[in-house]
Amino acid sequence: MNHLKYIFFDLDGTLVDSSKGIQKSFEYSFKQLGKECPEESIIKSFMGPPLEVSFASVLEERQVPEAINYYRSFYKEKGIWGVRLYEGIPELLTQLKEAGYQIYVTTSKNQPTAQDLLANLAISDQFDDIFGSLPDSFHKADVLRRALQTLDANPEETIIIGDTKFDIIGGKEVGILTLGVLWGFGSQKELLENGADLLANSPKHILKILNEHFS
C-alpha cells in the first residue's frame, strides 16, 4: 500500500459520543415546528448524514432551513455539553501526532459548531485543521473534497476514519482509503456493504492497523 500521510476523522460517532445532545436537538426542532418527533430509530438514522438531508426526509422543503436553525441554536446552547470523547481517543491522537501523521476532522456537522465542540473538549489543538459543513458543501464527499483541495493532499496518501456508510461512501467518491469504526452510530454490515477497506473495533486497534498496513 502507499505511504499514508493524511488522516481525516469523522466526528460524531467516531471521536465523540454525541448521541444524547443530537437526540435532544432533534426533539427541540420538531417541537418548535409543531411537528411530532419521529421515533427513536429514525432519529438514530439521522446521526451521520447532513442535517439538510435528514430534515428533508421528513419535512416539507420550505421547513428545512427553519428546522436546521432550531437544531443548531439548541445544540450550540445545550446539546454541545452532552458530548463525551470515546475512551482511548486522546491517547490515539497523541500517538498519531508522534508518529508524524497530519490529522484533521472532516465532519458533516456545521463547521463552527464542530470547532466549538472540540475546543470545549480541549482537543482542538490536536488537529491540524477542522473541516465541517458549510452552506455550499455539506455532503461528506463535499467536505472531503474541500479538505483535499485546501491541503493539496494526494488522495493516495489519505484515509477517512468514520463510523457510518456516509463516511465510506464519501471516501470512495473522492478516491481515498476508508476505515470504518465499530463503536459509533453505524454497523459493521453497512460499513462492509459500502466497501470499507479496513475495520477497527477500538481506538487502540486503529493504531495497530495503521502500523501493520502503512509503516
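Let me begin with a definition: two strands count as paired here if DSSP finds at least two bridges between them. With that in hand, and bearing in mind that this is a predicted model, we can turn to the sheet, which is open, has 6 strands in the order E5-E4-E1-E6-E7-E8, and is paired in parallel fashion. Strand E5, residues 129–133, and strand E8, residues 198–200, stand at the edges, and because each has a single partner strand, one side of each is left without a neighbour in the sheet. From one strand to the next, the twist averages 25°.

Within that sheet, I would like to look at the pairing of strand E1, residues 6–9, with strand E6, residues 158–162, which run parallel and are joined by 4 bridges; in this pairing, Phe8 stands opposite Ile160 in E6. Two helices pack on the sheet and touch E1. Helix H5, residues 89–98, touches E1 and strand E4, residues 102–110, and its direction makes about 160° with that of E1, while helix H7, residues 140–151, touches E1, E4, E5 and E6, its direction making about 145° with that of E5.

Next comes helix H6, residues 111–120, in which Gln111, Thr113, Ala114, Leu117 and Leu118 are buried. These residues cover an arc of only 160° around the axis, which puts them on the same side of H6. As for what they meet there, the buried residues of H6 pack against strand E2 (16–17), helix H4 (64–77), E4, E5 and H7. After H6 comes Ala122, whose phi is positive, near 60°.

Is Lys97 buried or partly exposed? With a relative accessible area of 30%, Lys97 is partly exposed, since buried would require a value under 20%. Leaving aside neighbours within four places in sequence, Lys97 is in contact with Ile103, Gln126 and Asp128. Asn201, by contrast, lies 104 residues away from Lys97 along the chain, and the C-alpha atoms of the two are separated by 21 Å.

Finally, the largest pocket, which has a volume of about 150 Å³. Its lining includes Pro49, Pro50 and Val53, together with Ser108, His139, Lys140, Phe166 and Glu173. Which helices each supply at least two residues of that lining? They are H7 and helix H8, residues 165–174, and H8 gives the most, with 4 residues.

Key: Residues are numbered from 1 along each chain as its sequence is written. This is a predicted model: local features need pLDDT of at least 70, side-chain atom pairs count only at pLDDT 80 or more; totals for chains, interfaces and linings use all residues. Side-chain values use heavy atoms; hydrogens and water are left out. Axes are lines fitted to C-alpha atoms, for helices over the stretch in contact, and angles run from 0 to 180 degrees between N-to-C directions. Contact means heavy atoms within 4.5 Å. Buried means under 20% relative accessible area, exposed over 50%, partly exposed in between (1.4 Å probe, protein chains only). The arc is that of the directions from the helix axis to the C-beta atoms. On a 1 Å grid over the protein atoms alone, a cavity is a set of points where a 1.4 Å probe fits but cannot get out, and a pocket is an open set with protein on both sides within 12 Å along at least five of seven lines; lining residues have an atom within 4 Å of a point. Grid points are joined across faces, edges and corners, and a volume is the space filled by probe spheres set on the points.
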